[in-house]
Amino acid sequence: MTSIPDAKAPAAEVVLEAISLTKHFPVRRKLRDLFSHRKDAVHAVDDVNLTLRRGQVVALVGESGSGKSTIARLLAQLYPRTSGDIRLHGETTKVKGGAAFRRYCSQVQMIFQDPFASLNPTHTIRYHLTRSLKIHGNAGKTAEDLDRALIELLERVQLTPPERYLDKFPHELSGGQRQRVAIARALGARPEALLADEPVSMLDVSIRLGVLNLLRDLRDRLNLAILYITHDIASARYFADQTMVMYAGRMVEGGDSETVTQSPAHPYTRLLIDSAPDPDRLAGTSDAEGEDAGNGEPPSLIHPPAGCRFHPRCPFAMERCRTELPVPLEIGDAPGHWAACWLYDQNEKAEVAQ
Amino acid sequence: MSDPVLEIRNLNVEYGLGDQAVRAVRDVNLTLHRGEVLGLAGESGSGKSTLAYGMTRLLAPPGVITGGQVLYHPEQGEAYDVLGLSDRELRGFRWAETAIVFQGAMNSLNPVHKISTQLTDVLKAHRPDMSESARHARAREMLKLVGIAADRMDAYPHQLSGGMRQRVMIGMALILQPQVVIMDEPTTALDVVMQRQILGQLIELRERLGFSVIFITHDLSLLVEFSNRIAIMYGGRIVEEAPAAAIYRDALHPYSKGLLGSFPALRGPRRELTGIPGSPPDLKGMPSGCSFHPRCPKAFEPCSGNIPVLGRPGTPDGPSRSVACWLHPTEQPVG
C-alpha cells in the first residue's frame, strides 16, 4: 500500500491547475425570450479550483449531472471555458485548436469511459498506437524505433506478449484489454497528466481493479498526475490520494481520500457515503436512518438555488444557507481537509454555543 | 423455508442454431421461494439476463430455449410449465403473474404517451371488465404506493426525472399484483442516493404485498445488502447459491471470492485488492471442465477435465447452500 501523502505537502510539482474554472452552456432561447433580456444558461461548472500534482491521483466524485465530466473536458481543452483559468506548469493556456492544441494535448491526455466507442473498429491496435506516437513525435526515426516504441507501450499496460495484440482489431479484445489499449494510446504522447473520465465504469467488476491497479502503477513509475473521475466513492478511497466531491457544478468538499471518506464533513458527502452499498448492513437490518435526509433530487442547473446549492435537500440547512454562498472552510481534523458548508464557520459555531 | 413459487429445472438457452450455436445458459437449476429476494450476480456475458428472459419467454430470436422446465406455482391450483403455455395463455400469464423491470427502465416508457395512459393500458389489456374510473383510481393508487404524487398522472415521461421514471416502471410492474417481479439491473443508470431510495422502497413494498423478487445485477455488494439468497453465475452456469450472509462471510467458490474481493470497501482498513486475473470466457470456445479454471488461483487436476456439478457442500451449513467446485466435492447434486 502506498502511503497517503500529506495533502498540503509541497513536495510534488504542480502540473495542471484550474483556477475558478467556470463553464456555462447557453440554453436555446424561445421566441418570447427574444424580446426580453433574459439569457438562460446551464451552470455546469462554477468556480472550481483543482490542482493536479506529479505522481498523485486526484479523484473527482459526484452524481451524474454534477459537472465532473465537464471539468475533464475543460481541462482537456475540448470545450472553451466561460471564465477562470487553466494553468499548465504555472502558465496560462490559451488553446483554440491547431498546433497549440496539439502541443497542449501531448502533455495532457484523456481516457474516455467507453473503450468500445473510443477505439476505431476498422483499425488495428498497431494503427491506433502508431498514430499516437507519430502525431506526438515519439515514433523515432526508423521502423525499428517505432516497433520498439509500440512494444514498450503494450508492455507498460501489461498486454503481454505484445506481438499477440499488435495486429488485432478492437473487437477481438475484451473490454479490459481495450481500455488498456486506450491507456497505451494516451501514453504514446508521453503526457504528464492523464484525465481519466470514469475509466472503469463500463468494465466488468472482476477486471476493474486490474485497470485501477495499472493506473496506479503508471502513476508511480511514470510520475503521472492523474485526475480520476468516478461516481463510486469507495473506489476513490482505494485509488486516489486526494478526493474532491462535487455537487451541482460546485466543489463541496476536498481533502485526502482517507479523511474525506472516513470523516466526511459536508452533509452531501455524508449522504453519498451512507447511500453507497455496504455489505455489512445485511438485508433486514438496514434501518431507516438517512432515508429522509436523502429525499429530493439534484437541482436544475439553469436556475440553481441561491446560497448553497444543496440547501433544499440538506437536513441541517440554516437561514444563512438559503441566501449566502458558502466559502471553502477548513475543517481542522486533518491538514488540507475543507468543506464549503456554513456548519463549519467559526462564527456560526459560536452562535450555536451561546 | 417457504413454498417455491418458481422452479427452474435444467434450463438451457442457445443463441443460433446447429454448430454455430452459443450456449448462453447451461443446465440451470434455481428455485425462487415465496416472498424472498433472490439475487442473481455475475459479469456481463455470464447469462444472467438471458436466464431472466428465458424463464419469462421473452427471448428474441436467435435465442432458443433448447431444454428444461420452468414450473410456476400459482397461489391456488396446480403448478404448470411456463415453457408449455400457448400464446394465449402466455398473454394472460405475463404481467399478471410475473412482471419484469428492464435494464434502463427509464427508457422503456413510451415518450409520446402520458404516464396515466401507460399505467391504465396494462389494466385495459388484462382486466377488460374494469371501468375507466376504476382503472384510473388503481393507477393513482399505484403511483402513491411508489411515492409519486398523484398529480403527476398526466405528466409525460420526459417531465419526470430518471428516478421517478424508474418508480413508475416499478408501479406498473406491481399494478396487477404479480407473484414474481424480475428486476434486470434496475438501478444501474441511477445515482447511489436514488438507488438506495428505490431499493429501500421496493423491499418495503415486498414486505407489504408479499411478492418475490429476482434481482439481477453485477454489483454483488448491493445484493449482499438487499437480498435473502444469492446465486452467482459464471459462463452460463450457476456456480454457487447460498444465503446472502453466507456468501459474504464465507464464499466457497473461488469465483465468488474473487468477485467479493473486487469491490473496494468504504469502511475498515484499506487493503490491496487484485480483482480476478484474466478475462471472462468466450461463450463460443468455452474452456473444458470448469469454465473458471483458467482464471482460478486454486485450480488443480480435475478442474480442467470434468465439469463440477452444483451440489451441497460438506460444510456445517451445507443443507442451505450449494456450490459447483471440485474443491468442495459433493455426493448430493441439486436438481
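Reader: What are helices and strands here, and where does the numbering start?
Author: They are DSSP runs: helices are H or I with at least four residues, strands are E with at least two, and both are numbered from the N terminus. The model is a predicted one.

Reader: OK. Where is B:Gln177 then?
Author: In chain B, B:Gln177 sits in the loop between α5 (162-174) and β7 (180-184). Its phi is near 50°, which is positive although the residue is not glycine.

Reader: Is B:Gln177 buried or exposed, and why?
Author: B:Gln177 is exposed, because 12 other C-beta atoms lie within 10 Å, and the cut-off for exposed is 12 or fewer.

Reader: And which strand holds A:Asp47?
Author: A:Asp47 belongs to strand β2 (residues 41-53) of chain A. A:Asp47 has a positive phi too, about 55°, and is not a glycine. Most residues other than glycine have a negative phi.

Reader: New topic. What does β10 of chain A pair with?
Author: Strand β9 (residues 242-247) of chain A runs antiparallel to β10(A), with six bridges joining them. Strand β12 (residues 338-339) of chain A is also antiparallel to β10(A), through two bridges.

Reader: What stands opposite A:Gly254?
Author: A:Trp338 in β12(A) does. On the β9(A) side, A:Val245 faces A:Glu253 of β10(A).

Reader: How many residues of β10(A) are buried?
Author: Seven of its seven residues are buried.

Reader: Last one: which peptide bond in chain B is cis?
Author: The bond from B:Pro61 to B:Pro62 is cis, with omega near 10°. B:Pro62 lies in the loop between α1 (48-55) and β4 (63-72) of chain B.

How values were computed
Residues are numbered from 1 along each chain as its sequence is written. Chains are lettered from A and ligands numbered from 1 in the order in which they are written. This is a predicted model: local features need pLDDT of at least 70, side-chain atom pairs count only at pLDDT 80 or more; totals for chains, interfaces and linings use all residues. A residue is buried if 20 or more other C-beta atoms lie within 10 Å of its own, exposed if 12 or fewer, and partly exposed in between; C-beta atoms are placed from the backbone. Two strands pair if DSSP finds at least two bridges between them.
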